[in-house]
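Please look over the notes below with the model open beside you. They cover strand pairing first, then a few loop residues.

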Amino acid sequence: MANNHETPNHWGYPATRRRFLAQAGAAGALALGGGWIRPAHGAQAMRFVTSGLIGLELDGAFAGHLSGFSGGIVAGDVVVEKPGADLVQRKHVGNPRIEPIIIETSQAPTGPFYDWIKSSLQPQAAFPRKSGAVIEFDATGQEVRRHNFSNATIVAVEFPSCDSARREVSSLAVSLAPEHVSHTGGTDKGGYSAAAKSGRLMQSAFRLRIMGLEQATVRASRIDAFGVKIVSASAGDAGYARDYTRQPSTVATSHLVVTIPDAFAAPLYA
Amino acid sequence: MLEYLAPDLQTALLTVNLFNLGIFRISPESAEQAGGEGMAFSRMEMYCESVSIGTAMEADARRLEPARLRRD
């Protein structure tokens with residue numbers, strides 16, 4: 001009966017890269033070499049919160065400061081049925097799914113957040129799941145909104161680009177695939193933890209060392225953003241569609257693109 | 001290994017260990033593209049099999065010599 005599927009943006013709105021990644025993850029596809037998590041400039045605006053303060057909570061404890069987040073939306077594909085005698089296309093919503101939560105931080109991850117990223121990047125039979133929340137605070141540090149997630153795995157990590165000529169802050173992006181999400185108002189569980197701030201990532205502060213090429217790579221002037229994507233057949237599935245027996249099957253790393261002054265590039269050809 | 005450094009340019013805030021790199025393309029890049037003035041740049045593209053985050057000591061256990069592209 002249901003013989004045609006459309007995405008919610010079938011009215012002509014451009015699909016975001018994030019939506020593309022969610023779809024690619026669901027299909028188990030690998031998109032190597034391109035952008036990983038973050039949308040290209042000019043793409044449809046994601047719901048990034050840039051005012052106030054944002055924090056990450058993992059397993060009930062404050063785990064770090066965020067510079068933005070998006071996703072965590074429950075959505076379903078619109079299923080269009082074959083028109084009947086009245087020529088009207090009947091529609092209904094297909095299986096619900098949870099869009100990945102993408103969090104960005106301009107500070108080096110520490111504590112449980114660092115441990116979670118580290119253990120997720122290591123090839124293993126079962127990847128760690130964590131529950132927590134992205135919390136929005138007002139200017140006084142009081143919690144105003146809470147986006148809870150449970151049993152999430154890290155499905156992608158994008159390391160920030162580097163550029164010795166730029167003085168801007170850079171940010172690390174992490175994509176989470178939760179099993180369940182809920183959005184609530186602020187609670188009085190705890191306030192903003194200013195003391196938990198760690199070092200800020202800057203585009204111009206980096207050092208690249210590759211064994212045998214040190215003389216060239218330490219002079220690198222730019223490194224493009226690169227990342228790791230953890231792919232499983234169930235990536236993107238959630239709720240009813242989630243298969244508890246599936247685990248990530250591929251840890252795919254994107255290419256590394258480095259720009260080096262020609263004056264120091266000779267070791268590349270040695 | 002790629003280190004994201006603190007403003008003192010000495011302390012590593014985050015270390016990304018890169019394993020089994022291989023250069024597959026080197027191409028010239030104009031000064032405008034590279035953001036430099038009057039300098040020529042090379043753009044080196046490498047595949048990478050896996051990464052980890054952690055200390056340099058942890059990386060030593062897994063580090064291998066990178067494959068290289070030969071000019072001839």
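1. In this predicted model, β10(A) and strand β14 of chain A (residues 222–223) are joined by two bridges and run antiparallel. Within this pairing, Cys162(A) faces Ile223(A) of β14(A).

2. That pair belongs to an open sheet of seven strands with antiparallel pairing. The order is β10(A)-β14(A)-β17(A)-β3(B)-β2(B)-β1(B)-β13(A). Strands of a sheet pair through backbone hydrogen bonds.

3. Follow the chain out of β10(A). The loop between β10 (162–163) and β11 (172–177) of chain A holds Ala165(A). Is Ala165(A) buried or exposed? Ala165(A) is exposed, because 12 other C-beta atoms lie within 10 Å and the cut-off for exposed is 12 or fewer. Its C-alpha atom is separated by 35 Å from that of Thr250(A), 85 residues away along the chain.

4. Check the backbone at Asp59(A). This residue sits in the loop between β2 (53–58) and β3 (61–66) of chain A. Most residues other than glycine have a negative phi. Asp59(A) counts as exposed because it has 10 C-beta neighbours inside 10 Å.

5. Leu87(A) lies in the loop between β5 (74–81) and β6 (91–98) of chain A. How many C-beta neighbours does Leu87(A) have inside 10 Å? There are 6, so Leu87(A) counts as exposed.

Technical notes
Residues are numbered from 1 along each chain as its sequence is written. Chains are lettered from A and ligands numbered from 1 in the order in which they are written. This is a predicted model: local features need pLDDT of at least 70, side-chain atom pairs count only at pLDDT 80 or more; totals for chains, interfaces and linings use all residues. Helices (H or I, at least four residues) and strands (E, at least two) are DSSP runs, numbered from the N terminus. A residue is buried if 20 or more other C-beta atoms lie within 10 Å of its own, exposed if 12 or fewer, and partly exposed in between; C-beta atoms are placed from the backbone. Two strands pair if DSSP finds at least two bridges between them.
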